Amino acid sequence: MSKEHEKGMSIIVKTITRLTVGLILLYGIYILSHGHISPGGGFAGGVIIALSFIHLMLAYGKEVALKKLSKGVASFFESIGALLFLSIAFLGFTGGYFFLNFLSKGEPFKLFSAGIIPLCNIAISFKVGAGLFAIFVALVLLKPEKGDKK
Amino acid sequence: MMVYLLCLVLFCVGLYCVLMKRNIIKIIVGIIIMEFAVNLFFVLVAYRMEGRAPILSPDAEILNMVDPLPQALVLTSIVIGLATTAVLVAIAMRIYEKYGTFDITKIKELRG
């Protein structure tokens, strides 16, 4: 695997990244999915998910990370997150008012409970994760313009 | 009382970094240190002795919990700090493109 990736950091960093990046992604998903019963939630989970991709980009160079999650896909997920959050809020009008918790609340302290709050967390994590990754990609891909230097 | 003073010391470290350093990247790091000193101060103000996180849990009943309002404020503050840091880094990269240096004393386009 390391032969085709000549760019990036040394073999030690690449090996550790290969071992840990999946765990970081899983931990982000854990924080995200338990956001309504423990500390954490959409923002923190989204940041950790974005950090796993940023970790990949730092170790392997930008081509590998952009192959996993390209600029267009990140932009798409960011828009989808905002639209999903808004549409969940508008779906409350089916029962009465904005942001109505129209799903059943379930049993407290269980994973599948609290109505629309886990869905809102997922929408926020799409927005935050893709947005943070897009900021980093924008900073990485910013090329100096030629012939502008004094 | 001591921890509040330590927060002030941390804030002064950041202020020293902003005022005395010449490298733009070091100035940005100083701004981040100041920001997080203020965040730390808010969280410490909200702390109560033997307090738990203000979240209901199935096993234990909460007798004494910390103040949740500054924590919510600090969460928003962290998000805004992230955005301002990204803008600052982008401006620093633009400056490096135009002048070829991060030293603020060498950026002399407007000298009279």
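User: In this predicted model, what share of chain A contacts between residues at least 6 apart in sequence joins residues at least 24 apart?
Analyst: The share is 65%. A contact here needs C-beta atoms within 7 Å.

User: What makes A:Gly35 count as buried or exposed?
Analyst: Its neighbour count decides. The cut-off for buried is 20 or more other C-beta atoms within 10 Å. A:Gly35 has 23 C-beta neighbours inside 10 Å, so it counts as buried. Of the 150 residues of chain A, 31% count as buried.

User: Where is A:Gly35 found, and what does it touch?
Analyst: A:Gly35 sits in the loop between helix 1 and helix 2 (42-60) of chain A. Leaving out residues up to four places away in sequence, A:Gly35 touches A:Gly40, A:Gly41, A:Gly42, A:Gly45, A:Pro118 and A:Asn121. A:Phe136 is 101 residues from A:Gly35 in sequence, and the two C-alpha atoms are 25 Å apart.

User: How many helices and strands does chain A have?
Analyst: Chain A has 5 helices and 0 strands. Along the sequence the pattern reads α-α-α-α-α.

User: Why is chain A called more spread out than a compact globule?
Analyst: Set its radius of gyration against the globule rule. The rule gives 15 Å for 150 residues; chain A has 19 Å, well over that, so it is more spread out than a compact globule. Its C-alpha trace spans about 60 × 40 × 25 Å along the principal axes.

User: Where in chain A is confidence lowest, and where highest?
Analyst: Helix 3 (residues 62-68) is lowest, at a mean of 80. Helix 1 (residues 11-33) is highest, at 90. The mean pLDDT of chain A is 82, with 91% of its residues at 70 or more.

Terms used: Residues are numbered from 1 along each chain as its sequence is written. Chains are lettered from A and ligands numbered from 1 in the order in which they are written. This is a predicted model: local features need pLDDT of at least 70, side-chain atom pairs count only at pLDDT 80 or more; totals for chains, interfaces and linings use all residues. pLDDT is the predictor's confidence in each residue, from 0 to 100. Helices (H or I, at least four residues) and strands (E, at least two) are DSSP runs, numbered from the N terminus. A residue is buried if 20 or more other C-beta atoms lie within 10 Å of its own, exposed if 12 or fewer, and partly exposed in between; C-beta atoms are placed from the backbone. Two residues are in contact if their C-beta atoms, placed from the backbone, lie within 7 Å. The radius of gyration is taken over C-alpha atoms; the globule rule is 2.2 Å times the number of residues to the power 0.38.
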